[in-house]
Structure formats: structure tokens, C-alpha cells
Amino acid sequence: MVKIAQEKYRVKLSREKYRMKLSREKNRVKLSREKYRVKLSREKYRVKLSREKNRVKLSREKNRVKLSREKYRVKLSREKYRVKFTQEKYRVKLSREKYRVKLSQEKYRVKLSQEKYRVKLSQEKYIVKLSPEKYRVKFTREKYRVKLSREKYRVKFTQEKYRVKLTQEKYRVKLSQEKQTAIVQLQRLKDELGLSIKSSFEAEFGITDDETKEPLGNHYNNWSSMVVMETAQETLLDLTNAMEEIGVKIDSLQPEYGIGQFEVTFAPVTGIEAADMTAAFKTAAFVYLQTKGFNAEFMTCVNPHVGCCNGFHYNFSLWDDMGKNVFLDPSDPLKLSKLGRHWLAGIVEHSPAMLALSSPTVNCY
């Protein structure tokens with residue numbers, strides 16, 4: 001009996017130990033789950049905090065973009081206001097000129113009415129007088145007609161002067177004077193923006209023998225070919241020296257891709273001088289080469305089967321009074337300033353009209 005009781009006690013004790021071990025295992029599992037929940041909660045909080053930071057950063061970027069747009073709108077509004085203010089000043093000036101002409105016409109009408117009244121009064125006074133007095137009236141009428149003709153001529157002359165003045169105010173210069181128009185625009189650029197234009201041309205032209213029509217350069221067509229330069233150097237050097245004597249500043253002279261085709265580049269100069277040098281070169285080179293037995297061809301396309309045409313390239317930039325190139329912005333990725341971008345946009349906008357002026361003949365196409 002005692003032995004059986006001891007066995008039962010051992011079994012009971014083993015069960016209690018097992019229950020205690022199982023309880024401990026459950027507590028460990030529960031504690032692990034709590035730790036995992038805490039860790040998961042912290043990760044969620046970090047993700048949420050990161051998202052909030054990204055939202056704040058994105059909001060700041062949007063505010064910067066919005067502020068930049070507002071600044072651009074304000075600047076654009078100011079530019080529009082300046083243009084509008086200039087137009088209003090011109091309208092006021094035009095209105096004053098019209099008012100002056102109208103006032104002159106009103107004064108002339110008043111004066112003419114007074115003269116008519118005096119003549120009518122004189123006629124009434126002299127109706128009752130004798131024939132010698134009638135002669136005097138007739139003489140007075142003749143004097144009045146002469147005076148009236150003079151007054152009409154003065155009014156007509158005044159109106160013509162006003163029309164001329166109005167045309168000059170509207171167009172600043174006569175439309176037929178292209179050079180004067182360019183000079184006025186350059187002066188406007190200087191007065192209104194404080195800028196000057198520095199530019200130069202690249203002129204391509206062909207040289208052929210006047211009698212045989214053979215191209216200069218022994219039928220070689222290679223860009224910057226030293227063989228062509230060696231063959232034609234005497235003629236080309238004489239041409240360069242002749243151009244320098246008349247003030248044409250040549251920067252370089254070299255063969256082009258076409259047979260007998262050459263390109264001359266002029267030194268960069270300020271203002272209208274670049275156009276003057278190019279015009280002088282075209283005329284002087286043609287006349288000089290004729291004295292040497294050659295013909296200079298500046299036509300865009302002389303022979304469409306050759307594959308090379310003559311072009312005039314225009315290179316320019318804007319400079320301020322301090323000698324700074326305002327097209328250049330070293331901080332910009334493309335090195336182009338904001339003014340340069342606007343200037344380029346204006347060229348693109350007006351390119352159809354400029355094409356009609358710069359390429360007016362069928363050969364240009």
C-alpha cells in the first residue's frame with residue numbers, strides 16, 4: 001500500500017511539473033508576441049513619420065514652384081504694363097497732334113468767317129455808291145480772292161506738314177530707308193534697354209573664270225582644302241588686301257564644300273558696321289575680281305545639281321554698358337540667360353516674316 005501511494009505521489013508530482021513547464025512555455029510565447037507587436041508598432045510609426053516628412057517636403061517644393069510662378073506673373077504683368085504705358089503715351093501724343101490740327105482748322109474757319117463777313121459788309125456799304133465805288137469793291141473782291149487763295153494754300157501746306165510729321169511719328173523713319181530703320185532700332189535698343197549688338201557675317205560665294213567659266217581651284221571640292229588654297233592663293237590674298245584697304249575687316253577666308261566655292265568671315269563689330277562691311281564686300285569683291293578676269297557669284301543656288309549653295313550666316317550677341325555678354329549665364333545648365341531665351345523665342349515667333357525678308361527669291365529654296 002505504501003509503495004502504491006508513493007507511485008501515485010510521483011505521478012501527481014510529474015503532472016504538476018509538466019503543468020508548470022507548459023505554463024512557462026505559454027508565458028514565453030505570449031511575451032514574444034507582445035515584443036513583436038511592440039516592434040511592429042514602432043515600424044509602423046517610423047513609416048508614418050517618414051510619410052509625413054515626405055509630405056512636408058513635397059508641400060515646400062510646391063510652395064517654391066508656386067512662389068516662382070507668382071514672381072514670373074508679377075514680372076510679366078510689369079512688362080505688359082510698361083508696353084501698355086508706352087502705347088498710352090503714344091496715343092496721348094497723337095491725340096495732341098490731332099487736337100492742334102483741329103484747333104488750327106477752327107481758327108482758320110473763324111478767320112475765314114470774319115473775312116466773309118467783312119466782304120459782305122463792304123458789299124452792302126458800296127451798293128449805294130457810284131460806279132467808281134463799284135470799281136473799288138471789285139478791286140477789294142479781287143484782293144480778297146488772292147488773300148483767300150493764300151490762306152487755303154497755307155492750310156493745305158500745314159496739313160501736309162502734319163501728315164509728314166504723323167508718318168514720322170508712327171514709323172519713326174521712312175519705310176524705304178532700310179538702313180535708317182535699322183539704325184533707329186539699334187538706338188531704341190540702346191536707349192530703352194541699355195544694350196548694344198555685336199555681330200558679324202559669314203559670306204559664301206563662288207569664283208569662276210569670266211571667259212572659260214571654269215571654277216577657281218582646279219575642280220577640287222574639299223572644305224578648307226590646302227590644295228585649293230595653294231592653287232588660288234594669289235587671287236585670294238590680293239582680294240583680301242584690297243578689301244582691307246577699303247575698311248572691310250576680314251577675319252578668315254577659306255574654301256567651302258562646293259567646287260570654286262569660298263567663305264569669308266568678317267571681324268565682329270558693334271552696331272550697323274557689320275551690315276555695312278558685308279554690303280561693301282559684295283560690291284567691291286565683284287568689281288575687283290572682274291578686273292582680274294574672274295566672276296564672283298553670290299546667288300544662293302547657281303547650279304542645283306552641284307549640291308552646294310551659297311549662304312549668309314549672321315552671328316550676333318547683346319552686350320551691356322559694362323562690356324558683359326547678356327546672353328551668357330554660367331549658372332544655367334545650357335549657359336543661356338533668361339534674356340537670351342526670350343530673344344530666341346522672339347526670333348522663332350517672327351521667323352516667317354524674317355524668312356520673307358532674308359530669303360526673297362526662288363533660288364533661296
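Strand 1 (195-209) and strand 6 (residues 312-320) pair in the antiparallel sense over 9 bridges, where strands are DSSP runs of E of at least two residues, helices are DSSP runs of H or I of at least four residues, and both are numbered from the N terminus. Two strands are taken to pair if DSSP finds at least two bridges between them. The model is a predicted one, in which local features need pLDDT of at least 70 and side-chain atom pairs count only at pLDDT 80 or more, whereas totals for chains, interfaces and linings use all residues. Residues are numbered from 1 along each chain as its sequence is written, and side-chain values use heavy atoms, with hydrogens and water left out.

Strand 4 (residues 269-270) runs antiparallel to strand 1 and is joined to it by 2 bridges, with Val269 of strand 4 standing opposite Ser199. Because 11 of its 15 residues are buried, strand 1 is largely enclosed by the rest of the structure; buried denotes under 20% relative accessible area, exposed over 50%, and partly exposed the range in between (1.4 Å probe, protein chains only).

The chain as a whole has 7 helices and 6 strands, arranged from the N terminus in the order α-α-α-β-α-β-β-β-α-β-β-α-α. Of its 365 residues, 21% count as buried. The chain exposes about 28,900 Å², of which carbon and sulfur atoms supply 57%; accessible areas come from the Shrake-Rupley method with a 1.4 Å probe, and for residues only the protein chains shown count as cover. Among contacts (heavy atoms within 4.5 Å) between residues at least 6 apart in sequence, 66% join residues at least 24 apart.

The largest nonpolar core comprises 28 residues, and those with the most contacts inside it are Phe205, Ile207, Met243, Phe262, Val264, Phe266 and Phe281. Helix 5 provides the largest share, 7 residues. Apart from this core lies another, of 6 residues, including Ile197, Leu318, Val326 and Phe327. A nonpolar core is here a set of buried Ala, Val, Leu, Ile, Met, Phe, Trp, Tyr and Cys residues joined through side-chain atoms within 4.5 Å. In soluble globular proteins, nonpolar side chains tend to be buried together.

Individual residues illustrate these surroundings. With neighbours within four places in sequence left aside, Phe205 is in contact with Leu239, Leu253, Gly260, Gln261, Phe262, Val264, Phe281, Glu297, Phe298 and Asn310. Ser200, which lies in strand 1, counts as buried at 11% relative accessibility. With its neighbours within four places in sequence excluded, the contacts of Ser200 are Phe266, Ala267, Pro268, Ala274, His313, Tyr314 and Asn315. Thr278, in helix 5, is likewise buried, with a relative accessible area of 6%. Under the exclusion of neighbours within four places in sequence, Thr278 is in contact with Phe201, Phe266 and Phe312.

Helix 3 (residues 178-193) has 16 residues and reaches 22 Å from its first C-alpha to its last, close to the 22 Å expected at 1.5 Å a residue; the expected span is 1.5 Å times one less than the number of residues. Just after helix 3, Gly194 takes a positive phi of about 70°.

With a disulfide defined as a pair of cysteine sulfur atoms within 2.5 Å, the count comes to 0 disulfides. The sulfur of Cys308 is 7.4 Å from the closest cysteine sulfur, in Cys309, and therefore too far for a bond. For Cys364, the closest cysteine sulfur is also in Cys309, at 9.5 Å, again too far for a bond. Cys308 is partly exposed, with a relative accessible area of 29%, and Cys364 counts as partly exposed at 25% relative accessibility.
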